[in-house]
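Start with the structure itself.

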Amino acid sequence: MADVDVFISNYTLVDPEIYQLWIEGFSSSEAVCYLKQKGFGHSMGAPIDLIASDVLDHYRTYSLIETYLHAPTKLMEQSCFQLEHHTRDLIIEKYYSIDDVVAREILGKKLSSRYRKDLDEVGEKTCVKLKSCRRQFDNVKRIFRAVEELPGTLTNNIMQHFFISNELAKKYACIVFLACLRFETSKKKLQYLSFSDLLTCSHAIMIYWTYTYQHTGPEYYDTEMDKEFLLDLRELRCLLDKEKEIKHLVCLRLKPVLLERVFHELDGNFRSYWRALITIACNLHRNRELRDLFVDLCERLVDPWRQNGWNREQVNKFLSSITQSVLDLEISRDQETRCLWDRYMQVITICLDKMYHI
């Protein structure tokens, strides 16, 4: 007669280490080898066969629970698996964990079954196992479909529907937001940007440029850009006529704090930088220009600053100075222009700070 291993328990036991290996896409045999190398069970003198049986039992359990993890509300309601609250929270959070390198590869791609078939390339590039890449891709697609048309803020909606932490929900909110608005993030010149960089940029846009800016309530979406604001940004074109005044104020502020070489470069190229900032603002009401925001910032500002040897601190000083100079100039003239400029530059400053890598 064949030997049969039988495990009987009341509460479903989840071993965090074995569960993490399952999440990372290890096969059961790979997991056994990994645990053996780490000395798992050595102190108790457990034979390798017993460890293998234990791992297989855990893997079977996780595979059965996985169906409920696709819709965490069902996990809360089901009675097949008795899970303590902290265990339930752990398995949901871990199941929806996403590697930044994988998330970066997914950004800008269509969440299609065709792309899912090509995830082996993502696995090779990121050194993440294919099974884990597929889990992460499926989770992104699942969350995207669940929340893309829900009113309210993405982060809150994701937390409420999938019971994950605020930090993890923000990552998914970034991916959903950039996908909904179809921001260009895949071009070669943008590949140097990490997922963390784009996460910060996207959340700045969601806060300052969507209808949730200074509004609360379920009728406001942070996946919908504030169209009136983007149209009003065309009014900033009037600032082109005040270039000399702005340049004078900026130079007064920066001359004491910039190296002489950088200051002379700024003095000679101020018009180019100034016109780039205004032109980008005036064109954001067009969908194509909005989608190409990161590309335009890179081509018109980041690349020239790199070529002229600016460092990150000098870039931030310039942005702070030019923002404040316009506010000082307009404070007694046009309050509307002042508010538009301040709201616009809140995002531009954050984006350029994250995009300026040396």
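## Cavity

α15 gives the most to the lining of the largest cavity, with three residues. The model is predicted, so local features need pLDDT of at least 70 and side-chain atom pairs pLDDT 80 or more, while totals for chains, interfaces and linings use all residues. Residues are numbered from 1 along each chain as its sequence is written, and side-chain values use heavy atoms, without hydrogens or water.

The whole structure holds one cavity of 30 Å³ or more. A cavity is a set of points on a 1 Å grid over the protein atoms alone where a 1.4 Å probe fits but cannot get out; lining residues have an atom within 4 Å of a point. The largest has a volume of about 40 Å³, the space filled by probe spheres set on the points. Its lining is Thr-279, Ile-280, Asn-283, Leu-284, Glu-289, Asp-296 and Arg-300. α15 and α17 (293–307) are the elements giving two or more residues. Helices are DSSP runs (H or I, at least four residues), numbered from the N terminus.

## α14 and α15

Helix α14 (residues 243–254) packs on helix α15 (residues 260–283) at about 140 degrees, axes 11 Å apart. Axes are lines fitted to C-alpha atoms over the stretch in contact, and angles run from 0 to 180 degrees between N-to-C directions.

## α3 and α5

The axes of helix α3 (residues 48–69) and helix α5 (residues 85–95) come within 11 Å and cross at roughly 80 degrees. The two are therefore roughly perpendicular.

Notes. Angles under 35 degrees count as roughly parallel, over 145 as roughly antiparallel, 65 to 115 as roughly perpendicular and the rest as oblique. On a 1 Å grid over the protein atoms alone, a cavity is a set of points where a 1.4 Å probe fits but cannot get out, and a pocket is an open set with protein on both sides within 12 Å along at least five of seven lines; lining residues have an atom within 4 Å of a point.
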